[in-house]
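Subject: Structure handover

Hi,

Here is the structure I promised to pass on to you.

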Amino acid sequence: MCRGGRPTGRIATLQQHRLARKGRAASLEDSTISLSSVKSYPMGRITTSLIATAYRFVVRPILFKRDPEVAHKKITSLGERIGQRRLPLSILRFLFGTRSSRLKKVVAGIEFPSPIGLAAGFDYQAKLPWVLEALGFGFATVGTITNRPCLGNPRPWLARLVKSQSLLVNKGFKNDGIVKTLPRLRHLPTGMPVGLSIGQTNTSEIDTESQAINDIVECFKYAESHKYDCRYYELNISCPNVQKHISFYTPSSLSKLLECLEKVNTTRPIFIKCPISVTDAELINIADTTSKYSIVSGLVIGNLQRDRNHPSLRKEELVKCGPGNLSGRPTRDRSTELIKIVRSKYGQRFAIIGCGGVFSIEDAEAKFAAGADLVQLITGLIFQGPQLVAQINGELVK
Ligand SMILES: Cc1cc2nc3c(=O)[nH]c(=O)nc-3n(C[C@H](O)[C@H](O)[C@H](O)COP(=O)(O)O)c2cc1C
C-alpha cells in the first residue's frame, strides 16, 4: 500500500476505511483491536510477493491443469502431512506466520489472532488446522459436517472459471459425517480458533422440515456430548447444492429450528451462514428471526452466488459447466452490500463474518468498511496462493 507520498484515489478511500474500521472496532464492546506491540510478518512484502509470483506463474498453471478435485485431494494430503511435522510447520510459520497484537480481535468472546480466516468447504474433512495456523490464518471453519455421512451430489463437484475468478461448486456436502469427523478435532492448534460448520444431511430420505430439524439437532447434540476443541459453530442454512432444499429462510421454519437448537444448550457461540442470492427483505427476515435467539452470536455473510447471469461471469466459461453455484468474484459485491445492510440495521447485535470474493487487502478492507468484524475466504487462496493471508495480515498491521 501507499507508504510515504500523498495517498490518492482508491488508496485514500482504503485508508479512510481503515480509520473507520479502527474507530468502529474501538467502540465495540466485544470486539477489540489491541494497539500494543506490533511485529510485522518476518519475511516481509518482498518474500511474499516473490512467492505470489511463483505461485501464479509456476505452481498454479500446474495445479490448474489437473482436475480440481484431484488437485484439492493432493493439496489436502500435502497440507495434512506438513501439519504433522515440526520442521515444515516452523518454516511456514517463519515465512507466513504474522502474529501481531494489532491483528488480534475478540469477537463473540473468542480471541482471534487475526481477523482473516478460512471459510467452510475447503477443509471439509478437518485435516488442515495445523497447516492453516502456520500459514497465518486467524481462524478456520471445518466442514460442512452433517449428522450422517454424505456421498455428495453426482459428479462433477467442482469447475474452475479462471477468467471469471470463480469456482463452480456442486459438492452437496460430501463429508464423513459427525461421528467420524469429530475425533479429528480433539487436538487442535491452541493459537487459532477452529469452528465447526453443521448442515442438514444431503439425502433424499430427508424430505420434511421436521426431519431436517431433527437431523441438524442430532448433529449438534452429538457434537456437544463429546470432547473436542472447536470454539464456535456455523449453522449452514444456505447451501444451494443439496438434493431436497428444505428452506429455513422463512421466519416460521427458522424459528422452529432455532427453538429446538436452544434446547441443546450449546456451549459454543453459533454463527448462521446466510445466503446472498436473496432479496434484501429476505435477508432481513433471517436477521430479524435470528436476532431473537441469544444462542445466535453472529452471521456469516455469506454463501455461494446462484445467479448464473451475474455480470462478472464470462459466459463462454460457464456454458461448459454443469450444475452448481459460484464462489469468488461473483459473490464479492453482494456479500458486501448485505453486510452493510445488516450492520446498519442491527448495530452491534450480531458479530459479522464477511465472506465472498476476497482476493486482496482491498477486498478485505471493503468487507471491514461495510461492518464485518472478521473475514473468511477460500477462492482467493486457490487463485492467489498460500501467501495471501500473510499478505493481507501484513497490510492490516501497518
Ligand atoms: C469448493 C468449495 C466448497 C464449499 N463448501 C461449502 C460448505 O461445505 N459449507 C459452506 O457453508 N460453504 C461452502 N462453500 C462456500 C464458501 O464457504 C464461501 O461462502 C464462498 O465460497 C464465498 O467465499 P470465497 O469467494 O472466498 O470462496 C464452499 C465454497 C467452495 C469454493
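Below is what came out of the analysis, starting with the overall picture and moving to the barrel and the helices.

Two housekeeping points before anything else. This is a predicted model, so to speak of local features a pLDDT of at least 70 is needed, side-chain atom pairs count only at pLDDT 80 or more, and totals for chains, interfaces and linings use all residues. Residues are numbered from 1 along each chain as its sequence is written.

**Overall**

The secondary structure comes to 14 helices and 13 strands; these are DSSP runs numbered from the N terminus, with helices being H or I of at least four residues and strands E of at least two. Of the 398 residues in the protein, 47% are buried. A residue is called buried if 20 or more other C-beta atoms lie within 10 Å of its own, exposed if 12 or fewer, and partly exposed in between, with C-beta atoms placed from the backbone. Among contacts between residues at least 6 apart in sequence, 78% join residues at least 24 apart, where contact means that the C-beta atoms, placed from the backbone, lie within 7 Å.

**The barrel**

Eight strands close into a barrel with parallel pairing, in the order β3-β4-β7-β8-β9-β10-β12-β13. On average, neighbouring strands of this sheet are turned by 25° against each other, direction ignored. Two strands pair if DSSP finds at least two bridges between them.

Finally, β12 and strand β13 (residues 374-377) pair in the parallel sense over three bridges; here Gly354 stands opposite Val375.

How many residues of strand β10 are buried? Six of the six (residues 296-301) are, so β10 is largely enclosed by the rest of the structure. Strand β12 (residues 351-355) is also largely enclosed, because five of its five residues are buried. Both of its faces are covered, with Ala351, Ile353 and Cys355 on one side and Ile352 and Gly354 on the other.

**The helices**

Helix α12 (residues 361-370) lies across β3 (116-118), β12 and β13, running at about 140° to β13. Axes are lines fitted to C-alpha atoms, for helices over the stretch in contact, and angles run from 0 to 180 degrees between N-to-C directions.

Two helix pairs are worth a look. Helix α9 (residues 280-291) packs against helix α11 (residues 329-346) at an angle of about 45°, with the axes 11 Å apart. That makes α9 oblique to α11 (angles under 35 degrees count as roughly parallel, over 145 as roughly antiparallel, 65 to 115 as roughly perpendicular and the rest as oblique). Asp280, Leu283, Ile284, Ala287 and Ser291 in α9 meet Leu338, Ile341, Val342, Lys345 and Tyr346 in α11.

In the other pair, the axes of helix α7 (residues 209-224) and helix α8 (residues 251-262) come within 10 Å and cross at roughly 30°. Glu209, Ile213, Ile216, Val217 and Phe220 of α7 make the contact with Ser253, Lys256, Leu257, Cys260 and Leu261 of α8.

Best wishes

Definitions and conventions. Two residues are in contact if their C-beta atoms, placed from the backbone, lie within 7 Å.
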